[in-house]
Each structure stands twice: as C-alpha cells, then as structure tokens.
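This report walks through a single protein chain. Keep the sequence and the 3D view open while reading.

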Amino acid sequence: MAFIGLRYPALNHISLRSFPKFVGRTVMVKDNDVESSMRLINRIMSEEGMLKRYRLNLRYEKPYLVRRRLNYEKAKAIYDEDMARKINFVMRKNRVDPWVGST
C-alpha cells in the first residue's frame, strides 16, 4: 500500500486507496471505438461508487428512508460476509469427510 506522506509526517496515515481513481483520469479511444471506452469509464466510476451516489441524488430521499437503506446495506454486508465464509469453508478440499463410507 502506497502512502502519501513521505515528506509530510502528518499525512503518513493516509493511503492512496482513500482517494478516488477517477479524478484526472484520461481514457484513450482507439480506432474510434467509443463504446469500449465508455464501458471502461462506467466500470471505473462504478468501482468508485460515483454512479450509485448519482442515482441516489436524483431524487430527495427522506431521512427515515436513508436510515432504513443504510441499515439494510449494513445487514446485507454482514450476511454476505458470513455466507462467503461458510461457502469457502464448505468448498475446502482438505477437510475430513464427516460421513465416512457414504461416497
């Protein structure tokens, strides 16, 4: 992980991951292939979360809906993390067969 504050000790705790990648980004168009360049820009912006923020700001969202959405996103992230851990455990190849002779 690259750190910004090599010359500035006060900035040693800030990593480059906290800064957006899209700022100052130039995408080259090869052979007038605009569609692939637009796909690349959309992928970069979606990784940054810019498209999600844009869609959320199209309309006003009431405060109780914001709280509900944020709580749902937190719960979904916890659930997804637990399920990924369980799936990785089940998919491991080197675990002991719990039902011996059932193959």
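Just after H1, Gly49 has a positive phi of about 85 degrees. Helices here are DSSP runs of H or I with at least four residues, strands are runs of E with at least two, and both are numbered from the N terminus.

The model is predicted: local features need pLDDT of at least 70, side-chain atom pairs count only at pLDDT 80 or more, and totals for chains, interfaces and linings use all residues. Residues are numbered from 1 along each chain as its sequence is written, and side-chain values use heavy atoms, with hydrogens and water left out.

## Helix H1

H1 covers residues 34–48. Its 15 residues should span 21 Å at 1.5 Å a residue, and the end C-alpha atoms are 21 Å apart, so the two values agree. The expected span is 1.5 Å times one less than the number of residues.

Ser37, Ile44 and Met45 are buried in H1. Buried means under 20% relative accessible area, exposed over 50%, and partly exposed in between (1.4 Å probe, protein chains only). Down the axis of H1, the buried residues fall within an arc of 95 degrees, so they line one face of the helix. The arc is taken from the directions from the helix axis to the C-beta atoms. Glu35 and Arg39 are exposed on the face turned away from the buried side. Helix H2 (50–56) is part of what covers the buried residues of H1. Contact means heavy atoms within 4.5 Å.

## Before H1

Asp31 sits in the segment before H1. Its phi is positive, about 55 degrees, although Asp31 is not a glycine. Asp31 is exposed, at 78% relative accessible area.

Asn32 lies in the segment before H1. Its phi is positive as well, near 55 degrees. Asn32 is exposed, at 72%.

## A nonpolar patch

Ile87, Phe89, Val90 and Met91 make a nonpolar surface patch with about 410 Å² of accessible area together. Patch residues have over 30% relative accessible area and no salt bridge; nonpolar side chains (Val, Leu, Ile, Met, Phe, Trp, Tyr) are joined within 5 Å, like charges within 9 Å. A salt bridge puts a side-chain nitrogen of Lys or Arg within 4 Å of a carboxyl oxygen of Asp or Glu.

Val90 belongs to helix H3 (residues 63–91). Val90 is partly exposed, at 48%.

## The whole chain

The chain has three helices and zero strands. Of its 103 residues, 6% count as buried.

Terms used. Accessible areas come from the Shrake-Rupley method with a 1.4 Å probe; for residues, only the protein chains shown count as cover.
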